[in-house]
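Work through the exercises below with the sequence and coordinates open. Each task is followed by a stepwise solution.

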There are 2 protein chains.
Amino acid sequence: MDDRSKVLRFGGFRWDGVPVREYKTGDVPYRDVTRQTLLGEAAGEEPFSFVTRYFEIQPGGYSTLERHQHPHAVVVIRGRGRVMLGDRSYEIAPFDCVYVSPGVAHQFRATGDEPLGFLCTVDRVRDGPEVIP
Amino acid sequence: MDDRSKVLRFGGFRWDGVPVREYKTGDVPYRDVTRQTLLGEAAGEEPFSFVTRYFEIQPGGYSTLERHQHPHAVVVIRGRGRVMLGDRSYEIAPFDCVYVSPGVAHQFRATGDEPLGFLCTVDRVRDGPEVIP
């Protein structure tokens, strides 16, 4: 048996050995968002069917308004924000959960004085987003 | 398009509309553990490939010592504890992440004065656990 089990230590919304990346590459509209892939795609892990990422949006920042066929499972762990889901919108705070249904336009915004941070789990094999101008 | 998107409001480590269940049924060894299924299996959701559950272990309690072929992706969100991974063991605290590799015996214990709470995501279709006596 090949034991690749591990603990990723947390410190200040960073994790041991997990790089902080730009949210997206390319010319798409967003502001002040970073991405850290925590579990499911790291070197040495067996492939999961899913990937757990941590996104952080600085105060005043926002994610791309987009839609896709894969659903999102989100758990907020830091800060305050607002999520748009289709034509509805909701205030969110730690540890609210958000389910984004396939095909529904969605966008996250940080509305407080500290960053909005959330875990977002997705299927490992998934369609790409359609950006909504 | 059928928009089943939703926000599950958090309050006191309970979530709107999410029942608190016993951790396991049957005659298996564990103490003071509850389970709440947050995302991925609720009525009205499209099926994900994965399920996000929240487990809470009361002070002095522990989960079953077990192994299985599906991996675990764990993020601690409350309390202090210790996780056994094969023949290793680690202290864990919010927001440490734990990857449990396929086939590796594992057990969680709450070691502080408050409950140990963690998110645990698994493949929706998965093998059952082998309990280690």
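This is a predicted model: local features need pLDDT of at least 70, side-chain atom pairs count only at pLDDT 80 or more; totals for chains, interfaces and linings use all residues.

Residues are numbered from 1 along each chain as its sequence is written, while chains are lettered from A and ligands numbered from 1 in the order in which they are written.

**Exercise 1.** Determine the secondary structure and overall dimensions of chain A.

Solution. Start with the elements: helices (H or I, at least four residues) and strands (E, at least two) are DSSP runs, numbered from the N terminus. Chain A has zero helices and 14 strands. Next, take the extent: along the principal axes, the C-alpha atoms of chain A fill a box of roughly 50 × 30 × 30 Å. Then compare the radius of gyration, taken over C-alpha atoms, with the globule rule of 2.2 Å times the number of residues to the power 0.38. For 133 residues a compact globule would have a value near 14 Å, and the 15 Å of chain A agrees with this. Last, count burial, where a residue is buried if 20 or more other C-beta atoms lie within 10 Å of its own, exposed if 12 or fewer, and partly exposed in between, with C-beta atoms placed from the backbone. By this rule 38% of the 133 residues of chain A are buried.

**Exercise 2.** Trace the strand pairing that involves β5(A), β6(A) and β13(A).

Solution. Two strands pair if DSSP finds at least two bridges between them. β5(A) and β6(A) run antiparallel and are joined by seven bridges; in this pairing Arg31(A) stands opposite Tyr62(A) of β6(A). β6(A) also pairs with β13(A), again in the antiparallel sense, over eight bridges. There, Glu56(A) has Gly117(A) in β13(A) as its bridge partner.

**Exercise 3.** Describe how chain A meets chain B, and how the copies are related.

Solution. Call two residues in contact if their C-beta atoms, placed from the backbone, lie within 7 Å. Chain A gives 41 residues to the contact and chain B gives 41 residues. On the side of chain A that touches chain B, β11(A) gives the most, with four residues. That side divides into 25 nonpolar, eight polar and eight charged residues, where Ala, Val, Leu, Ile, Met, Phe, Trp, Tyr, Cys and Pro count as nonpolar, Asp, Glu, Lys and Arg as charged, and the others, Gly among them, as polar. Pairing also crosses between chains: β1(A) runs antiparallel to β11(B), residues 97–100, with three bridges. Val7(A) stands opposite Val98(B) there.

**Exercise 4.** Is Phe118(B) buried or exposed, and what does Phe118(B) touch?

Solution. Phe118(B) lies in β13(B), residues 116–123. With 26 other C-beta atoms within 10 Å, Phe118(B) is buried. Not counting residues up to four places away in sequence, Phe118(B) touches Phe55(B), Val74(B), Val75(B), Val76(B) and Ile77(B).
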